[in-house]
Amino acid sequence: MSGGVQDWRVELVRTYADLFHPFGDPPRAEGWPCVGDGWRDLLERACKRIRAAVEADGGTFHATQIKEKYGSLRFYWHGSLSPEADAKVEEAVDLAEARSACTCEVCGEEGRLRGDAWLTTRCALHAEGRPAVAVRPGLENVQIEERYVGDRRVIRYRRYDREHDRFVDVDPTSLGIEEE
Ligand SMILES: [Zn+2]
């Protein structure tokens, strides 16, 4: 990750200077992307969506950390937005994180989680011998999200549709999951 080709990171932080802090010296920005080249596209998509939400809202936003952990993207941010804009930003972040989980961090082609102690998302070409982590058939790219709306527990099942870069709600009974 050090040295060499970091042009896209500089370009991203400059292009979306309004989303990064401090301004002016991209590698020193808190949200400087510490991820492989294969995730460039998904970060560009995320920044574009986030900017649209923040600009429409007039609130504040800055990325505080963008990194890889356990094979997928972590995008942390800080800001003050209306609940509606906050939800749009969270959705943009969720989409980027879901896309990272099925996108090779080296080349950007479709990938899957590989490894054991050290997890990484790679395509077959860049697997470097790491075994794919087993996923129960039918649960590929499915996210199970637990939230509280007031004191009511809400569980949402959705599948990341990589082709269309969106989430599609799924019926838990179709996944063979007992709904509580
Ligand atoms: Zn690859």
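This is a predicted model: local features need pLDDT of at least 70, side-chain atom pairs count only at pLDDT 80 or more; totals for chains, interfaces and linings use all residues.
Which residues does histidine 62 touch, not counting residues up to four places away in sequence? Histidine 62 touches Leu19, Phe20, His21, Glu30, Gly31, Trp77, His78 and Gly79. Its place is in strand E2. A residue needs 20 or more to be buried. From histidine 62 to serine 80 is 18 residues in sequence, and 9.5 Å in space, C-alpha to C-alpha.

Now the core. The largest nonpolar core has 25 residues. Those with the most contacts inside it are Leu43, Ala46, Ile50, Phe75, Val89, Ala92 and Ala96. Who supplies it? At least two residues each come from helix H1 (7-15), H2, E2, E3 and H3. H2 gives the largest share, 7 residues.

Look at phenylalanine 75, which is on that list of most contacts. Leaving out residues up to four places away in sequence, phenylalanine 75 touches Ala46, Ala63, Ile66, Val93, Ala96 and Glu97. Two of these partners, Ala46 and Ala96, are on the list as well.

Next, helix H3. It covers residues 83-100, which is 18 residues. Does the length make sense, or what should we expect? At 1.5 Å a residue, H3 should span 26 Å. The end C-alpha atoms are 25 Å apart, so the two agree.

Which residues of H3 are buried? Ala85, Val89, Ala92, Val93, Ala96, Ala98, Arg99 and Ser100. Keep the helix geometry in mind. An α-helix has 3.6 residues a turn, so residues three or four places apart point the same way.

3 strands form an open sheet, in the order E6-E7-E8, with antiparallel pairing. E6 and strand E8 (166-169) stand at the edges. Each has a single partner strand, so one side of each is left without a neighbour in the sheet. The twist averages 40 degrees from one strand to the next.

How many bridges join E7 to E8? There are 4, and the two strands run antiparallel. For one you can find on screen, take tyrosine 160: its bridge partner in E8 is phenylalanine 167.

That's the tour. Questions, please.

Technical notes. Residues are numbered from 1 along each chain as its sequence is written. The expected span of a helix is 1.5 Å times one less than its number of residues. A residue is buried if 20 or more other C-beta atoms lie within 10 Å of its own, exposed if 12 or fewer, and partly exposed in between; C-beta atoms are placed from the backbone. Two strands pair if DSSP finds at least two bridges between them. Axes are lines fitted to C-alpha atoms, for helices over the stretch in contact, and angles run from 0 to 180 degrees between N-to-C directions. A nonpolar core is a set of buried Ala, Val, Leu, Ile, Met, Phe, Trp, Tyr and Cys residues joined through C-beta atoms within 7 Å. Two residues are in contact if their C-beta atoms, placed from the backbone, lie within 7 Å.
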